[in-house]
Amino acid sequence: LPVEHLPHPKNDPDSIEQDVLSKVSYTIGADPKALTTKQTYRGLAWTVRERLIDSFNKTQEYWKSKDPKFVYYLSAEFLMGRSLTNAVYNLGLEGEYGEAIRKLGYSLEDLQDQEQNASLGNGGLGRLAACFMDSIATTDLPGWGYGIRYKYGMFKQGLDKGFQSMAPDIWLSAGNPWEVYRPELAYRIGFYGEVKDGKWIPAESVNAVAYDNPIPGFGTNNVTNLRLFESQPVNEFNLDFFNEGNFDEATQEKRRAEDISAVLYPNDATDYGRELRLKQQVFFVSAAIQDVIARFKEQHSDFNELPNKAVFTMNDTHPTIAVAELMRLLIDQEGLDWDNAWAITTKTLAFTNHTVMPEALEKWPVKVMTKLLPRHMEIISKIDSIWKGSLADRVKAQIEAEPKAEAKAAASEESSLVPEDTEAGEDPVDAALAKYGIICENPWEKGVKLVNMAFMAVIGSKSTNGVAAIHSDIIKHTIFKDFYEIYPEKFQNKTNGVTPRRWLAYCNPGLRELITKTLGSNEWIKHLEKLSGLKQHAEDKELQAQWRAVKQENKQRLAKYIKANVGVDVPTNAMFDVQIKRIHEYKRQHLNMFSIINRYLEIKAASPEERKKFVPRVCVFGGKAASAYYMAKKMIRLVTAVGEVVNNDQEVGDLLKVVFLPDYNVSLAEVIIPAAELSHHISTAGTEGSGTSNMKFQMNGCLILGTMDGANVEIAQEIGKENMFVFGVDAEDVPRLREERKDFKDYDPRWVKVMDSLLAGQFGDAEYFQDLVDNVNDMTKSNDWFLLANDFADYLRAQKDVDELYKDQDEWTRRSILYTASSGFFSSDRCIDDYAREIWEVEPVAVPSS
Ligand code: 26V
């Protein structure tokens with residue numbers, strides 16, 4: 001076949017323009033003489049798609065010829081956001097496309113707003129996966145992502161009289177030019193049924209069908225792949241049922257199958273344990289592993305080679321069924337024996353933990369697992385009994401080695417396998433097994449057994465890592481203590497990073513140009529450590545003035561967005577103070593709100609003369625609350641309720657504005673972050689895995705007000721702690737402070753005033769806010785688990801430091817430049833390189849220019 005004569009797309013502006021008109025006519029089916037903005041976007045996107053596919057094909061072909069080791073990133077979430085701008089810039093075609101679009105009468109900005117966000121994730125974990133895809137492509141690593149093509153992504157959030165409202169995210173309604181459907185690539189996934197003579201006969205099956213999403217790297221020819229699976233019925237339609245007049249049953253199999261990839265679980269909080277969610281997990285994990293094995297077998301026959309050709313990263317507990325699934329496929333399908341399969345599995349899988357919050361560590365009821373996945377449950381039981389045997393032996397050996405020590409005394413030792421909370425008289429072996437068994441009893445429901453997925457992942461993989469230095473340290477000594485003692489070499493840290501393309505170069509064009517001009521080149525976009533060259537210019541008044549001008553322009557853009565979306569006029573000479581993230585008690589948006597209420601009360605109490613001394617602030621919030629998370633929803637209402645009062649108070653005027661921007665998502669973050677001057681990362685120390693927006697704000701020269709938690713600790717190291725606004729208790733003091741309670745009336749008088757104002761109904765419905773107040777005060781209830789009352793006074797002290805510094809704009813700007821200059825370490829390119837060298841053992845393979 002004369003494939004060499006296939007025309008490749010041409011990249012000069014005229015050809016692109018022609019191409020867009022052709023796509024608009026023949027792919028979109030629109031009239032090129034009367035185009036809407038939306039149609040133009042769609043036609044344009046199709047032209048970009050062709051250019052992506054062109055490089056994608058070359059990359060995959062080249063990799064196949066080289067047969068390198070690949071990393072496979074298994075993640076239930078990929079929060080990709082929009083693709084157009086990112087693709088055009090990463091392909092290096094911004095000039096050509098810019099001109100072509102101008103000729104069509106538009107700007108890239110007009111068109112990019114037409115694109116729906118791909119919101120296939122909840123928050124930090126999903127966005128991290130998306131940043132990793134960008135860095136894997138950019139650093140030329142042979143690596144693919146695997147996940148689920150949810151029909152409905154993260155819900156759309158609205159405000160209804162100040163309360164969160166929810167609507168489905170119908171993101172595919174206008175088609176999706178960024179994916180390539182592969183109907184011929186389908187894997188069978190089984191559920192239920194029974195195991196007979198060691199063979200599993202599923203009672204229900206679906207097809208996992210592939211969609212490839214090409215991921216372009218920046219400054220490279222490489223275009224890699226995010227392969228997402230859709231669940232389809234094996235039998236589309238049952239004609240027999242139909243002929244009997246039973247239409248519902250005729251389509252039942254189809255509906256049941258489609259349910260699996262229908263919705264992203266919006267539960268960034270509790271509510272685990274649903275059978276459909278376990279189905280989703282095994283669905284995409286099994287499809288991914290089958291796919292990798294199929295490609296492996298095209299070129300190899302000896303499975304002992306698999307660990308040299310493939311490594312899977314399990315992104316949190318969601319894909320950890322991979323341990324049992326890989327074992328099952330190797331044993332039942334490929335005929336390997338247990339020991340051989342186990343050796344391969346534990347060299348091929350790696351596990352990343354993203355949170356220590358116990359509610360988020362998935363534990364599946366043995367009953368659910370046995371019913372849905374009987375063969376997997378057999379395998380898990382065997383893994384569990386082998387592990388328990390070895391743990392018991394080690395505990396016994398440890399006790400025998402210290403014959404005089406009582407079990408209880410031994411338990412208090414730092415290096416004991418016996419849990420610290422072992423009761424007197426309890427058998428220390430039983431205590432260790434009960435705490436660290438893969439299968440263990442539900443502490444809240446006697447007799448109900450659970451599978452601890454995180455424990456299985458640690459046992460079944462070659463490495464376990466946390467996502468920031470402090471977090472990796474905490475998991476070694478808390479949730480995974482015994483595992484760490486037995487396998488210290490398995491534990492690593494990989495501090496998160498974010499892609500500087502999307503989160504600086506593309507979302508903040510003004511700053512991009514200024515940085516490039518100052519450094520004399522744009523190499524920093526691919527080598528972010530080069531930003532450190534800005535340090536020597538931090539005191540340059542000329543640069544400071546230009547730096548401020550860029551920020552001012554970005555603030556104006558955000559002010560316009562605020563006016564258009566929530567109708568509030570905000571003063572752009574005020575400090576833009578931002579907290580955007582999922583709404584959670586541990587992230588403490590309410591602590592921020594209490595300080596805002598305090599500020600409001602202080603302004604109200606001040607004389608007109610004193611009022612002049614206040615630094616005006618615009619406080620911006622954004623974030624979604626999980627539907628079942630009662631307290632998080634109240635926290636949203638607290639923001640809007642205070643906003644309603646403050647924003648309409650003539651006495652306060654432009655000194656304080658409080659806005660909640662609904663439907664926080666990736667593209668909204670791209671508008672907010674470049675405009676922010678102060679951002680809040682104020683979780684109770686020890687609770688936030690890493691945080692990644694802190695890095696995005698830092699890159700964009702936004703100062704940070706934060707606790708010594710997650711990656712804040714390392715950000716403080718990079719910029720110098722004295723340049724960050726740090727407050728609050730340290731992680732190691734948290735357990736003690738949680739025990740040592742005092743009555744809230746004994747706390748700072750400003751705290752008491754804030755609580756009183758809420759309970760007096762100064763911000764509306766006092767009754768509604770009662771349990772929010774109780775939650776951080778009432779000694780008989782939650783006991784202020786996240787230590788808001790405790791940290792409040794120090795938080796106000798830090799807020800005061802912020803105000804003082806803002807009055808000195810030169811010093812503020814110097815720090816802002818320093819933040820950007822010190823952000824090189826937090827590039828996801830650095831993070832991916834660390835993973836590649838220290839965990840994955842995968843090397844770059846760059847596609848040569850043809
Ligand atoms: C968190 C929580 C918190 C308490 C209620 C139950 C619950 C359920 C799920 C989660 C999220 C767990 C996974 C996650 O998104 N972790 C985030 O991962 C980011 C990327 O590593 C990291 O920056 C965030 O700190 C971490 O929360």
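**Close-up 1. Contacts of Lys-696.** Beyond residues up to four places away in sequence, Lys-696 touches Val-498, Trp-503 and Ile-673. Contact means that two C-beta atoms, placed from the backbone, lie within 7 Å. This is a predicted model: local features need pLDDT of at least 70, side-chain atom pairs count only at pLDDT 80 or more, and totals for chains, interfaces and linings use all residues. Residues are numbered from 1 along each chain as its sequence is written.

**Close-up 2. The setting of Lys-696.** Lys-696 sits in helix α28 (residues 693-699). Helices are DSSP runs (H or I, at least four residues), numbered from the N terminus. Lys-696 is buried because 29 other C-beta atoms lie within 10 Å; the cut-off for buried is 20 or more. An unreviewed UniProt entry lists Lys-696 under "modified residue: N6-(pyridoxal phosphate)lysine". Such annotations may be inferred rather than shown by experiment.

**Close-up 3. The shell around the ligand.** Of the 22 residues around the ligand, Gly-124, Leu-125, His-354, Ala-360 and Gly-689 come nearest. A residue counts here if its C-beta atom, placed from the backbone, lies within 6 Å of the molecule. The shell has 6 nonpolar, 12 polar and 4 charged residues, with Gly classed as polar. Domain 2 (68-82 + 117-147 + 162-372 + 437-499) and domain 3 (574-805) each supply at least three residues of this shell. Domain bounds come from an automatic or database assignment.

**Close-up 4. Domain 1 against domain 2.** The C-alpha centres of domain 1 and domain 2 are 32 Å apart. Their contact takes 19 residues from domain 1 and 17 residues from domain 2. On the domain 1 side, α2 (37-66) and α3 (84-90) each supply at least two residues. Helix α2 gives the most, with 12 residues.

Key
A residue is buried if 20 or more other C-beta atoms lie within 10 Å of its own, exposed if 12 or fewer, and partly exposed in between; C-beta atoms are placed from the backbone.
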